[in-house]
Amino acid sequence: MSTLEKLSELESRRAAIITKSNDVAKKVALAQGKLAARERISILLDENSFVEVGTFITSRSTAFNMRNNETPADGVVTGYGTVNGNPVYVYSQDASVLGGALGEMHAKKIVRIYEEALKVGAPVVGFLDTVGVRLQESVDALEGYGMIYEKMVEASEIIPQIAVIAGDCAGGAAFIAGLSDFVFMSSKSARVFLNSPNTLDDKTASFDAIATAKVHFEESGLATIIEEQEEVLIEDVIRLLSYLPQNSGEEGPFYEVIDDINRVDASLNGFNFETQEVKDIITSIVDGGELFVLNEAYGKTALTAFARMDGGNGWYYSQYRYSYGLFGGKENSSFC
């Protein structure tokens, strides 16, 4: 068999795996009112930019009749692509494969994505949809969590880490969300919890009280943004990435300024702090009045957000009646 024939056979096998797993994943996702693993990636990344890594990997465990279970891509789709032309590494757990449970090879695929992202200095976006650890793989699966945590800590403050939760994020996976820089949750189907409510002392506790997007958006502060529709949630991730540098060694992106930098807002002269919000001041002075607010429902006495001034970007913090700004970028950028 020639090299060309071998490559052709390899691509045929790859296409067959992707097609079959996509069909199964879409059926399961549709029944649960969610998107499938690869659908989430296709919405996030620029068209035709996704390069999948580890398509042929499956579980290598033989315990508890695991060999009788099909585990395409071992329950997690991993790879890289671009968002608005910038490289991004991504992984997306597939709930149609053993509930998206994390096993040894599943974890190693995520770790590899982190290793490659750190080499090139690119953000990592993870779609979490898992029932937790794969019990059949015992300590091998638990070690996998440890490897992921270690890589996430290593990547902290070097590359942006974003978690998107559109299903269950149970057990050890909840720590993945906690270690991420930004957490996006679907208010329709996302739940984050370490243990089931029936393990709590309060026997009246329910998932609605401890795990939903509303709880983590308003009470725990874990959720940065929540949306009902996954498509909208992913669009929010794309918008966030437009404000972030690729890594700690780069400046944030710059955009052409359409807004008039000499624009004057006369309404600010009579601003009433008793009846109006500080947010109104910020939207008045930043480019185009565009503000990307973070953790809007948590700690309401403070407002945190991303915005741009003179094409530069940065974060904005305001508290009570006083406002403070920090904008990175051009030397001639000004706050006035």
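Me: What makes two rings an aromatic pair?
Reply: Rings of Phe, Tyr and Trp pair if their centres lie within 6.5 Å. This model is predicted. The structure holds seven aromatic pairs.

Me: How is such a pair described?
Reply: Two values do it: the distance of the centres and the angle of the planes. Take Y80 and Y89. Their centres are 5.4 Å apart, with 40° between the planes.

Me: Are Y80 and Y89 buried or partly exposed?
Reply: Relative accessible area decides; buried means under 20%. Y89 has 8%, so Y89 is buried. Y80 has 34% relative accessibility and therefore counts as partly exposed.

Me: Which residues form an aromatic cluster?
Reply: F182, Y243, F292 and F306 form one cluster.

Me: Which residue lies over the face of Y243?
Reply: R308 does, at 4.0 Å from the ring centre. Elsewhere, the charged end of R191 sits over the ring of F207, 4.1 Å from its centre.

Me: Now helices. How do the axes of helix 3 and helix 4 cross?
Reply: Read the approach, then the angle. Helix 3 covers residues 104-120 and helix 4 covers residues 138-155. Their axes come within 8 Å and cross at roughly 15°. Angles under 35 degrees count as roughly parallel, so helix 3 is roughly parallel to helix 4. The crossing is left-handed.

Me: Which residues of helix 3 and helix 4 meet?
Reply: On helix 3, they are E104, A107, K108, I110, V111, Y114, E115 and L118. On helix 4, they are D140, A141, G144, M147, I148, K151, M152, E154 and A155.

Me: What about helix 2 and helix 8?
Reply: The axes of helix 2 (residues 37-44) and helix 8 come within 9 Å. They cross at roughly 45°. That angle makes helix 2 oblique to helix 8. Helix 2 passes helix 8 in a right-handed crossing. R40, I43 and L44 of helix 2 make the contact with E230, E231, I234, E235, V237 and I238 of helix 8.

Me: Where does L233 lie, and is L233 buried or exposed?
Reply: L233 lies in helix 8, which spans residues 230-241. Its relative accessible area is 0%, so L233 is buried.

Me: What is L233 in contact with, leaving aside its neighbours within four places in sequence?
Reply: The list is V164, I165, F184, M185, S186, I225, I226 and E227. L233 and Q161 are 72 residues apart in sequence. In space they are 16 Å apart, C-alpha to C-alpha.

Me: What is the phi of N295, and where is its place?
Reply: N295 has a positive phi of about 45° and is not a glycine. N295 is in the loop between strand 9 (292-294) and strand 10 (302-309).

How values were computed
Residues are numbered from 1 along each chain as its sequence is written. This is a predicted model: local features need pLDDT of at least 70, side-chain atom pairs count only at pLDDT 80 or more; totals for chains, interfaces and linings use all residues. Side-chain values use heavy atoms; hydrogens and water are left out. Rings of Phe, Tyr and Trp (its six-membered ring) pair if their centres lie within 6.5 Å; planes under 30 degrees apart count as stacked, over 60 as edge-to-face and the rest as tilted. Buried means under 20% relative accessible area, exposed over 50%, partly exposed in between (1.4 Å probe, protein chains only). A charge sits over a ring if NZ of Lys or CZ of Arg is within 6 Å of the ring centre and within 35 degrees of the ring normal. Axes are lines fitted to C-alpha atoms, for helices over the stretch in contact, and angles run from 0 to 180 degrees between N-to-C directions. Helices (H or I, at least four residues) and strands (E, at least two) are DSSP runs, numbered from the N terminus. Angles under 35 degrees count as roughly parallel, over 145 as roughly antiparallel, 65 to 115 as roughly perpendicular and the rest as oblique. A crossing is left-handed if the near helix is turned anticlockwise from the far one by less than a right angle, and right-handed if clockwise. Contact means heavy atoms within 4.5 Å.
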